[in-house]
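Please look over the chain below before reading on. The paragraphs that follow go through its salt bridges, its helices and its surface.

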Amino acid sequence: MTVPASFLVAAVALLAAMGVLSALSRSLLAVSESALERELEERGRLARGSWVIGRLAQVGWAVDFARTAGRIGFTVLVIAVVVGFDEPLTPGLLTVSWLVAVAALWLLTTAAAGAFARHAPAATICTFLPTLRILYVVLAPFRAVADLVDGAVARLVGAGAAADRAEEDLASAIEDTQSHGALDELAAAILENAIAYRARPV
């Protein structure tokens, strides 16, 4: 079984890149615009990074396309490294390749990436702003396709239903915060009353 060392190096490099892209993808979903704006201001990068404010979903679509392509590429490289070029592709070798790829991708793109997104989403985004900018510009055609799909799903679900779910999610978030002791009972009641008042028909 002869495999060029460059294949192994490429697999490791691609795995690391997929870890970064996965952390960015999850961070873009988890971060709030106000938190991201504060982080940019604290780092003195508000002027250069303000473009991402209001475009979190669109940037996320570009990142997700690159992440999908990279994960498939990594899996192909793992198969090449495990099987080689002078061996037949047997079910056993294919299973080993799959297990190696799943374990590596889970560790870097799920466990580690999720931890960064949970604990430092704004910092993660600010650290890789140039990367996000490049992906946002280069993958514009795929962003356009994702925008069409997003619009179709929004129409299918219904704007009113989405708004109702947003209010329910906000109320649930308040309850979760209170149960963890980060919000006292009075403050929780004030916030819940504000949501109820907003939902009341005029």
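The structure holds two salt bridges, a salt bridge being a side-chain nitrogen of Lys or Arg within 4 Å of a carboxyl oxygen of Asp or Glu. This is a predicted model, in which local features need pLDDT of at least 70 and side-chain atom pairs count only at pLDDT 80 or more, while totals for chains, interfaces and linings use all residues. Residues are numbered from 1 along each chain as its sequence is written, and side-chain values use heavy atoms, with hydrogens and water left out.

Side chains of opposite charge can pair when their charged atoms come close. One of the two pairs joins Glu 39 and Arg 43, with N and O 2.9 Å apart. Burial here is judged by relative accessible area: under 20% is buried, over 50% is exposed, and anything in between is partly exposed (1.4 Å probe, protein chains only). Glu 39 counts as buried because its relative accessibility is 18%, whereas Arg 43, at 35%, counts as partly exposed.

In the other salt bridge, Arg 67 is paired with Asp 64, and the closest N and O atoms are 3.5 Å apart. The two residues are three apart in helix H4, so about one helical turn separates them. An α-helix has 3.6 residues a turn, so residues three or four places apart point the same way. Arg 67 is buried because its relative accessible area is 18%; Asp 64, with 26%, is partly exposed.

What does Ser 25 touch, not counting residues up to four places away in sequence? The answer is Val 63, Asp 64 and Arg 67, where contact means heavy atoms within 4.5 Å. Ser 25 lies in helix H1 and counts as buried, because its relative accessibility is 5%. Along the chain, Ser 25 and Val 63 are 38 residues apart, yet 6.2 Å separates their C-alpha atoms.

Now take the chain as a whole. Its secondary structure comes to 10 helices and zero strands; these are DSSP runs numbered from the N terminus, with helices (H or I) of at least four residues and strands (E) of at least two. Of its 202 residues, 29% count as buried. Among contacts between residues at least 6 apart in sequence, 77% join residues at least 24 apart. The chain exposes about 12,400 Å², and carbon and sulfur atoms supply 66% of that area. Accessible areas come from the Shrake-Rupley method with a 1.4 Å probe, and for residues only the protein chains shown count as cover.

Helix H5 covers residues 91-119, which makes 29 residues. From its first C-alpha to its last it reaches 40 Å, close to the expected 42 Å; the expected span is 1.5 Å times one less than the number of residues. H5 bends by about 35° at Trp 106, the bend being the angle between axes fitted to the seven residues ending there and the seven starting there. Buried residues in H5 are Ser 97, Ala 101, Ala 104, Leu 105, Thr 109, Ala 113, Gly 114 and Ala 117. Their cover includes helix H1 (5-30), helix H4 (56-83) and helix H6 (121-127).

His 119 is also found in H5, but it is exposed because its relative accessible area is 68%.

Thr 124 has its place in helix H6. It is buried, because its relative accessible area is 8%. Leaving aside neighbours within four places in sequence, Thr 124 is in contact with Ala 23, Leu 24, Ser 27 and Phe 116.

The last stop is helix H8 (residues 140-157), where Val 153 is found. H8 has 18 residues and reaches 25 Å from first C-alpha to last, close to the 26 Å expected. Gly 158 follows H8, and its phi is positive, near 100°. Val 153 is partly exposed because its relative accessible area is 43%. Together with Val 145, Val 149, Leu 156 and Val 157, Val 153 makes a nonpolar surface patch of about 460 Å². Patches are made of residues with over 30% relative accessible area and no salt bridge, like charges being joined within 9 Å and nonpolar side chains (Val, Leu, Ile, Met, Phe, Trp, Tyr) within 5 Å.
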